[in-house]
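User: I would like to learn how to read a few features of a protein model. Could we take them one at a time?

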Amino acid sequence: MKKAIMMNKDDNVATVLKSVKKGGMVAVISTDNKLVKNIEAGKEIATGHKIAVNSIGEGETVIKYGESIGTATGRIDRGTHVHIHNVRSKVKYEGS
Amino acid sequence: MHFNGYQRENGPAGTRNHVIVLPTIGCINELASEIASMVKGAVPLLHNHACIRLGPDLLRARRTLIGIGTNPNIHSVLLVGLGCESITAEELAEEILPYKRVEAVTIEREGNYNSTLEKGVAILRELVKKSSEVEKKKCDIADLTIGIKCGGSGSVSAIASNPATGQAADLLVEKGGRVIFSETAELIGAEHVLARRAVDKAVREKLLNCVNRMKREIADYGVNILGSEPTKGNIAGGLTTIEEKSLGAIIKGGNSPLVGVLEYGEKPSSKGLYFMDGTTQASQLFLGMFAAGAQIQVFSFGGGLPARFRGLPSYPCGLPVLPVIKVLGNPEDIEEREYFDIYAGDIISGEVSVKEVGKSIFEEFFRVASGKMTITESRAGYRELLQLYANGLLM
């Protein structure tokens, strides 16, 4: 089975270690290589890209490394590809 | 826990025992190089300092040169000077002397090039001979200071080589050692995370000031970095936001409390994890780490097309006195494994855990500290001029 790694136990996304096809099963592992859960990929997800481990509501925080990496711009179901189409940065440009 | 190293009269033990020839200024590189070439085993550290540096850059250059001379990996120092330079051999010698033997020759004092050459060679022969008499002894792991840098980052290094390096950093801090990581530009977007780990308000403010200054400088340059980060290549690789990219970079320092924020080349005053306000340019940063007292450097690599420099076996090639442990993160680059000391790609193939690779990096600290040659050290002699970091006006 294809694997995805969860960098922190509080994360709601995992990084896919080898690209997975739509409908393929993904074994989500922790940093000490233990199985956390199996999930089904909602669409094709490439190596290095993220998959939702839990469903994330619109406006909720997307968490990786136990920290915010942005806000969900719409509802993200479990198994969905999580990327620029459904996440927005929380960092504001502070230039003059 | 111990390693076999070189105990020093004042300060931590070294992992190497080099005798260096250190020019006070770039103008005198030719003479320093010639003196070193006449004595087997001596290491010339030629660099680009010039009198055209002002204010903070001049102070930083002075701190860097003193830091090079006082690093534990150095047995003794021969300074080579002109006599007219902004940072003189006499003032450097005075700062280095409490830590180790230091000698100086200058053209002004000796009269001309040839007489300085002759005297320099005679002194250097004696220093090298003395260095060969030093016996290695059992040294405490708490003596170690490790510098950490990443390069060619991507979504893969952010989950393999960087977190594994961070695990090794955490283990060393637990055992009483010091870890320094840097690259101020890479904190942007994740500075609040590191700031939360600061041990007190002063450290937190110093850290945020570094990042805010950098943001201001970028804005003053007319560049909107937040609009272009992550880059197209990063996005194609799976990185979504600047905070995700920065989190993947700062994880290389581990998760220990942040004990202090250092200037470029400044030495940590205690044990634990430190952040150095510095550049992302590898050779300049390594020099800053060495000046801060690092006896070993880790270079954690991402992979793929944006990081072709990872395949250059000795990159960066300026500092033969600082052993560099190179970590390869991407299994797609496995054909280049021979250029690396540690392979973290098995994390991506799901065969080993981040924690296991972290432990093997930590164990490599001991082997390298006790004398094991790193890949970079084992390569032949291509060297580049050391670049002392400057970011201000050059006259």
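User: In what order do the strands of the open sheet of seven strands in chain B lie, and with what pairing?

Analyst: Keep in mind that this is a predicted model. The order is 9-10-8-7-11-12-13, and the pairing is parallel. The edge strands, each pairing on one side only, are strand 9 (258-262) and strand 13 (342-343) of chain B.

User: How many bridges join strand 8 and strand 10 of chain B?

Analyst: Strand 8 (residues 178-181) and strand 10 (residues 272-276) of chain B pair in the parallel sense over four bridges. Within that pairing, Phe181(B) has Phe275(B) as its bridge partner.

User: Which strands does helix 6 of chain B lie across?

Analyst: Helix 6 lies across strands 7, 8, 10, 11 and 12 of chain B. To strand 11 of chain B the helix runs at about 155°.

User: How much space lies in the second largest pocket?

Analyst: Rolling a probe the size of a water molecule over the atoms shows where empty space is left. Here the second largest pocket holds about 510 Å³. It is lined by 24 residues, and those closest to its centre are Met7(A), Asn8(A), Tyr65(A), Ile251(B) and Asn255(B). Helix 6 of chain B gives the largest share of the lining, four residues. By type, the lining has 10 nonpolar, eight polar and six charged residues.

User: Why does His81(A) count as buried?

Analyst: Buried means under 20% relative accessible area. His81(A) counts as buried because its relative accessibility is 9%. His81(A) belongs to strand 8 (residues 81-82) of chain A. Leaving out residues up to four places away in sequence, His81(A) touches Lys43(A), Ile45(A), His49(A), Lys50(A) and Asn86(A).

Terms used: Residues are numbered from 1 along each chain as its sequence is written. Chains are lettered from A and ligands numbered from 1 in the order in which they are written. This is a predicted model: local features need pLDDT of at least 70, side-chain atom pairs count only at pLDDT 80 or more; totals for chains, interfaces and linings use all residues. Side-chain values use heavy atoms; hydrogens and water are left out. Helices (H or I, at least four residues) and strands (E, at least two) are DSSP runs, numbered from the N terminus. Buried means under 20% relative accessible area, exposed over 50%, partly exposed in between (1.4 Å probe, protein chains only). Contact means heavy atoms within 4.5 Å. On a 1 Å grid over the protein atoms alone, a cavity is a set of points where a 1.4 Å probe fits but cannot get out, and a pocket is an open set with protein on both sides within 12 Å along at least five of seven lines; lining residues have an atom within 4 Å of a point. Grid points are joined across faces, edges and corners, and a volume is the space filled by probe spheres set on the points. Ala, Val, Leu, Ile, Met, Phe, Trp, Tyr, Cys and Pro count as nonpolar, Asp, Glu, Lys and Arg as charged, and the others, Gly among them, as polar. Two strands pair if DSSP finds at least two bridges between them. Axes are lines fitted to C-alpha atoms, for helices over the stretch in contact, and angles run from 0 to 180 degrees between N-to-C directions.
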